[in-house]
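Please read them beside the coordinates.

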Amino acid sequence: MIEIDGLSVRFGRTEAVKAISFSVAQGESFGIVGESGSGKSTVLRALSGLNPDWTGRMSVDGQALTRRRSKDFYRRVQMVFQDPYGSLHPRQTVDRLLSEPLLVHRMDNVERRIMRGLNEVALPTSIRFRYPHQLSGGQRQRVAIARALMAEPQVLLLDEPTSALDVSVQAEVLNLLSDLQQAHGLTYILVSHNLAVVAHLCGRIGVMQSGELVELLSADDLRAGRTRHPHTAALRELSIELEEPETA
Amino acid sequence: MLVEIQNLRIRFPTATDHSDAVRNVSLTLGQEKLGIVGESGSGKSLTARSILRLLPSNAVVSADRLAFDGIDVMRADEMVLRRIRGARAGLILQDPKFSLNPVMTAGAQIAEAWRVHRGGGRKLAMRAAIDLLAQVQIRDPQHVAQAYPHELSGGMGQRVMIAMMLAPDPELLIADEPTSALDATVQAEILRLIEDLVSRRGMGLILISHDLPLVSHFCDRVAVMYAGRVVEELAAADLTRARHPYTRGLLECLPTLSHQKRRLAVMQRDPSWLEP
């Protein structure tokens, strides 16, 4: 579904992403982990069309990506950001937020699609005419996911979608993302610094360090400690050490 | 006792009625490390800030006792509070980007904190600032002292913030989600640093976080808050033996790397948790 070959992104003189390559099959979840500044979000932004200064080859569903993308591309590939407070317009109601992608892509049955969209992310229809500030953090992220799904995309790019949420809400959102993938056969790329979250949702994982993709491995190999690069091993060790409660 | 809180209530007036943000919380703290854990809106930050009386102006506070080292904070005037805030009890917030002054160098900010609380000349204060930067394990303190906050990484900024809080040599440190804006690796470094400094200086620590397993690694005791109440208080080492369903829910809903879960447990909130 997604092929990335020799992708590089530059900001002035710094090379944020250095010739990385990977591919993601239809219906697969691919995870990218790394520390801040490792370039993991930059990969997503280049793929989604938010950053035009890239070189290399990228294709989605067999179509090579150019700097300018077609409207259809922006329908098929949608992105969900870390902080729904920053990505939802504060002066627009949920109804308006959800109908915007439908208007842009000239889709019919607006009323029915909005109700279905809310239902799909398990939001009560009573919040339809509320503003983002009247919702909880988890509800806001559900609205952001519902909006991404409005245009019936094939690919969802998820940039730290649960990092700003409480752990109980994180569990609900992660379960929701698995259900939606099952129901729609969506392809995911999930970026996070939380190894446990990535390994939970994704079968294959790429590890980034200072712009390079230093290792590609399966979630099972990561869990079992079959790592090849020292950076992967270090990230894994820290994650395991801190996720278990201390016992006497 | 460094901190004594008895029957603390914090409420906010609403258009028609009022909402209870903190309900009947009692806690004590000596020279130890206490973690307060809970989700957003559970009242954990308000509880910790009430010790410094740093609450929103519309908050209505009442308590049978709210004392810092024997000083009744409820009745203290601004003069007395100023001698506690910063001087005897430091506060570290989540994001150093917002808590550092963007137009002052790191060194100048720490030196200012030093001079306000301890007096002394500029040169002496700057030397002290560089020494403090070395204490928070910054490798090149001379260089970092000259840097402005935007030139520092998140972890570095948080170290500067800690150095500034240590300047007056406080007895208590309140760290309110000090690492939520940082990477896992940096997060562990900063928490180890805080733990180490607190132990070596014999200070009390209140660490506020929503990450229960993480807190248990750096604290002696953990208080779990839900909807404004402390629902369970236990030794960090006994966390796996937690009894309250909310505490157990917090632990069970986390994805882990060590064992795979097909589906994450979703917390079923019981209205009876709201009862005292």
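1. In which strand of chain A is the place of Ala19(A)? Ala19(A) sits in strand E2, residues 14-24. The model is predicted. Ala19(A) is not a glycine, yet its phi is positive, about 45 degrees. Most residues other than glycine have a negative phi. Ala19(A) is partly exposed, with 14 other C-beta atoms within 10 Å.

2. Asp169(B) lies in the loop between helix H7 (154-166) and strand E8 (172-176) of chain B. Asp169(B) is partly exposed, with 13 other C-beta atoms within 10 Å.

3. Now the sheet. In chain A, six strands form an open, mixed sheet, ordered E6-E7-E8-E3-E9-E10. Strands E6 (77-80) and E10 (212-218) of chain A each have a single partner strand, so one side of each has no neighbour in the sheet. On average, neighbouring strands are turned by 20 degrees against each other, direction ignored.

4. Strand E9 (204-209) of chain A runs antiparallel to E10(A), joined by six bridges. One of the pairs is Arg204(A) with Ser218(A).

5. Two helices of chain A deserve a look. Helix H1 (40-48) packs on the sheet and touches E3, E6, E7, E8 and E9 of chain A. Its direction makes about 150 degrees with that of E7(A). Helix H6 (137-150) of chain A lies across E6 and E7 of chain A, at about 175 degrees to E6(A).

6. Last, the interface. 28 residues of chain A are in contact with 32 residues of chain B. Helices H7 (167-184), H8 (195-201) and H10 (230-243) of chain A each give two or more residues to the chain A side. That side divides into 12 nonpolar, eight polar and eight charged residues.

Methods
Residues are numbered from 1 along each chain as its sequence is written. Chains are lettered from A and ligands numbered from 1 in the order in which they are written. This is a predicted model: local features need pLDDT of at least 70, side-chain atom pairs count only at pLDDT 80 or more; totals for chains, interfaces and linings use all residues. Two residues are in contact if their C-beta atoms, placed from the backbone, lie within 7 Å. Helices (H or I, at least four residues) and strands (E, at least two) are DSSP runs, numbered from the N terminus. Ala, Val, Leu, Ile, Met, Phe, Trp, Tyr, Cys and Pro count as nonpolar, Asp, Glu, Lys and Arg as charged, and the others, Gly among them, as polar. A residue is buried if 20 or more other C-beta atoms lie within 10 Å of its own, exposed if 12 or fewer, and partly exposed in between; C-beta atoms are placed from the backbone. Two strands pair if DSSP finds at least two bridges between them. Axes are lines fitted to C-alpha atoms, for helices over the stretch in contact, and angles run from 0 to 180 degrees between N-to-C directions.
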